[in-house]
Amino acid sequence: MPPSISAFQAAYIGIEVLIALVSVPGNVLVIWAVKVNQALRDATFCFIVSLAVADVAVGALVIPLAILINIGPQTYFHTCLMVACPVLILTQSSILALLAIAVDRYLRVKIPLRYKTVVTPRRAVVAIVGCWILSFVVGLTPMFGWNNLSAVERAWVANGSVGEPVIKCQFEKVISMEYMVYFNFFVWVLPPLLLMVFIYLEVFYLIRKQLNRKVSASSGDPQKYYGKELKIAKSLALILFLFALSWLPLHILNCVTLFCPSCHKPRLLMYIAIFLTHGNSAMNPIVYAFRIQKFRVTFLKIWNDHFRCQPAPPIDEDPPEERPDD
């Protein structure tokens with residue numbers, strides 16, 4: 001008999017479905033925009049596509065699996081473990097994509113003249129593939145043995161049962177909190193986030209340094225270049241800020257679970273933390289639309305061409321300078 005669903009769970013499922021319905025189309029639109037607009041084909045936007053792919057997978061795969069875990073079906077231990085691991089893979093992929101974007105923006109302002117020879121399309125693809133391989137290694141580590149199987153087996157045998165344990169599938173039941181805190185958070189989440197903060201501070205410092213120089217009348221292009229870089233860097237730093245804001249609460253709660261097992265964690269607080277992590281996948285397309293003009297123009301063209309049946313004028317490959325409030 002399938003488990004009954006409470007009103008609280010029904011509300012949770014409804015919110016998760018709403019997040020998925022925003023996340024998947026929004027991030028598909030991001031990928032579509034990069035495909036149709038040649039001006040969105042540089043390395044930064046390739047990394048943004050990698051980030052969007054991870055966010056599509058969150059909406060299409062992780063959220064349905066999270067709903068399944070919330071219902072709490074009875075499954076074999078390793079089946080539940082396989083259900084829990086995709087979110088770890090995709091979170092790590094998002095972090096590494098954000099780090100790649102930060103490094104790319106740093107190189108654009110640090111070595112602008114040599115940037116195109118250093119950051120080639122081939123190297124960008126290699127970096128993206130490397131990020132995804134590393135994400136699978138980190139995210140699938142619980143499958144290789146760092147999990148709660150020993151504790152579950154002891155309880156299973158103590159009850160006189162034999163064979164592979166059958167459990168009520170829950171994330172904390174199968175994923176070790178030592179893995180989540182010591183390995184996932186302290187090694188693969190927190191250090192990259194701190195490194196990205198440092199990189200963006202350096203990017204803003206270099207850009208401000210260039211913009212504050214007394215330039216001659218013939219030096220308009222460098223000023224324009226660094227002005228554009230400043231606007232894009234602000235938008236991408238906002239993406240990083242939203243990611244940290246969305247994911248840190250859940251990791252802090254994991255630390256509380258590990259270091260203070262007797263501490264009470266309000267159920268509502270856990271749900272809010274989970275909504276933040278999943279909701280982050282829906283935030284990025286909104287930021288792109290409001291903050292990056294190339295995306296905004298391309299989104300409107302796609303909407304007019306394919307949904308309103310009113311073809312828009314061709315996309316300007318080099319749109320005019322954005323207004324300060326963009």
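This is a predicted model: local features need pLDDT of at least 70, side-chain atom pairs count only at pLDDT 80 or more; totals for chains, interfaces and linings use all residues.

Visitor: Which residues of α9 are buried?
Guide: Met 196 is on that list, and so are Pro 192, Leu 193, Ile 199, Tyr 200, Val 203, Leu 206 and Ile 207. Because they cover an arc of only 145° around the axis, they sit on the same side of α9.

Visitor: What does the face turned away from the buried side of α9 carry?
Guide: That face has the exposed residues Leu 194, Phe 198 and Leu 201.

Visitor: How far apart are the end C-alpha atoms of α9, and what span should its 22 residues give?
Guide: The ends are 32 Å apart. Helix α9 covers residues 190-211, and at 1.5 Å a residue it should span 32 Å, so the two values agree.

Visitor: Nice. Let's zoom in on Leu 193: buried or exposed?
Guide: Leu 193, found in α9, has 8% relative accessibility, so it counts as buried.

Visitor: What does Leu 193 touch, again skipping residues up to four places away?
Guide: Its partners are Leu 240, Phe 243, Ala 244 and Leu 248. Leu 193 and Ala 244 are 51 residues apart along the chain, and their C-alpha atoms are separated by 7.4 Å.

Visitor: Which residues is Thr 91 in contact with, beyond its neighbours in sequence?
Guide: Leaving out neighbours within four places, Thr 91 contacts Phe 243 and Trp 247.

Visitor: Where is Thr 91 found?
Guide: Thr 91 is in helix α3. With 9% relative accessibility, it counts as buried.

Visitor: Switching topic: what does UniProt list as "transmembrane region"?
Guide: The unreviewed entry gives residues 12-33, 45-69, 75-103, 124-146, 185-207, 232-248 and 268-290. In the model, residues 12-33 are 100% helix, with end C-alpha atoms 32 Å apart. Residues 232-248 are likewise 100% helix, and there the end C-alpha atoms lie 24 Å apart.

Visitor: How many helices and strands does the chain come to?
Guide: It has 12 helices and two strands. From the N terminus on, they run α-α-β-α-α-α-α-β-α-α-α-α-α-α.

Visitor: What box do the C-alpha atoms fill?
Guide: Roughly 85 × 45 × 35 Å, taken along the principal axes. The chain has 326 residues, of which 47% count as buried. Of the contacts with a separation of 6 or more, 81% join residues 24 or more positions apart.

Visitor: Last one, on confidence: what pLDDT does the chain average?
Guide: The average is 90, and 91% of the residues score at least 70. Over residues 215-219, though, pLDDT is below 50, and that stretch has one contact beyond near neighbours in sequence.

Visitor: Where else does pLDDT stay under 50?
Guide: Residues 321-326 stay under 50 too. For these residues the model has 12 contacts beyond four places in sequence.

Terms used:
Residues are numbered from 1 along each chain as its sequence is written. Side-chain values use heavy atoms; hydrogens and water are left out. UniProt positions are given in the numbering used here, feature names are shortened, and annotations may be inferred rather than shown by experiment. Helices (H or I, at least four residues) and strands (E, at least two) are DSSP runs, numbered from the N terminus. The expected span of a helix is 1.5 Å times one less than its number of residues. Buried means under 20% relative accessible area, exposed over 50%, partly exposed in between (1.4 Å probe, protein chains only). The arc is that of the directions from the helix axis to the C-beta atoms. Contact means heavy atoms within 4.5 Å. pLDDT is the predictor's confidence in each residue, from 0 to 100.
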